[in-house]
Amino acid sequence: MNHGNRNSSLTEEPAAPASRRELRDFGLIVGGLFALIFGLAIPLLKHRAIPLWPWIVCIALVAPALFFPEALKFPQLAWTKLGLVLGWVNQRIILSIIFYVILVPTGLIMRICGRDPMARRFDPGAESYRVPARKPPPESMNRPF
């Protein structure tokens with residue numbers, strides 16, 4: 001993966017095929033999480049009956065992970081592709097929404113109200129823009145944490 005290229009595509013392949021251990025870890029972790037989250041936690045929190053499908057997914061991932069991890073090559077690749085798509089959505093869509101819905105209006109309101117927390121205004125009469133650091137009292141080092 002080329003980290004210098006900002007225009008990476010959604011279809012980029014992992015640098016190397018997943019090892020046997022990575023495939024085993026994938027099957028055990030994802031299978032276990034499906035069972036815990038969708039098979040137990042959500043139904044118990046919502047006071048619903050425990051569904052069967054998460055346990056089927058769990059068995060379909062955990063059994064191959066224990067006995068034949070190579071069988072999880074394509075599910076792990078699909079899971080990685082899903083992660084790339086979700087990352088793309090998060091990076092471009094969700095963060096853009098946060099920027100334009102929260103940060104831009106906040107900045108505009110601060111500008112309208114005359115607030116400049118970084119003191120960026122130009123002052124033609126200023127001799128210097130340096131802000132002297134304040135020296136902490138020596139007692140502040142008695143208990144620094």
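Predicted model: local features only at pLDDT ≥ 70, side-chain atom pairs only at ≥ 80, totals over all residues.
**Entry 1: α1 and α2**

I looked up how helix α1 (residues 20-45) sits against helix α2 (residues 53-67). The crossing of α1 past α2 is left-handed.

I then listed who makes the contact. On the α1 side I found, among others, Phe26, Gly27, Val30, Gly31, Phe34 and Phe38. On the α2 side the list includes Trp53, Trp55, Val57, Cys58, Leu61 and Ala65. Sorted by class, the contact of α1 with α2 holds 16 nonpolar residues, four polar ones and one charged one.

**Entry 2: α1 and α3**

Next I checked α1 against α3. What angle do the axes of α1 and α3 make where they cross? I have them crossing at roughly 65 degrees and coming within 10 Å. Angles of 65 to 115 degrees count as roughly perpendicular, so α1 is roughly perpendicular to α3. The crossing of α1 past α3 is left-handed.

The residues that meet are Leu23, Phe26, Val30 and Phe34 from α1, with Lys73, Pro75, Gln76 and Trp79 from α3. I count these by class as six nonpolar, one polar and one charged.

**Entry 3: α3 along its length**

I compared the span of α3 with what its residue count predicts. Helix α3 has 40 residues (residues 73-112), and at 1.5 Å a residue it should span 58 Å. The C-alpha atoms at its ends are 56 Å apart, which agrees.

Where is the kink in α3 centred? I found it centred on Asn90, with a bend of about 35 degrees. Just after α3, I recorded a positive phi of about 85 degrees at Gly114.

**Entry 4: Tyr129**

Last, I looked at Tyr129, which lies in the segment after α3. Which residues does Tyr129 touch, leaving out those up to four places away in sequence? I have Arg121, Phe122 and Asp123. I also looked up Ala119, which is ten residues from Tyr129 in sequence. The C-alpha atoms of Tyr129 and Ala119 are 9.1 Å apart in space.

How values were computed
Residues numbered from 1 in each chain as written. Heavy atoms only, no water. Helix = DSSP H or I, 4+ residues; strand = E, 2+ residues; numbered from the N terminus. Expected span 1.5 Å × (residues − 1). Bend = angle between axes of the 7 residues up to and from the residue. Axes fitted to C-alpha atoms, helices over the stretch in contact; angles between N-to-C directions. Parallel < 35°, antiparallel > 145°, perpendicular 65-115°, else oblique. Left-handed = near helix turned anticlockwise from the far one by under 90°. Contact = heavy atoms within 4.5 Å. Nonpolar A, V, L, I, M, F, W, Y, C, P; charged D, E, K, R; others polar.
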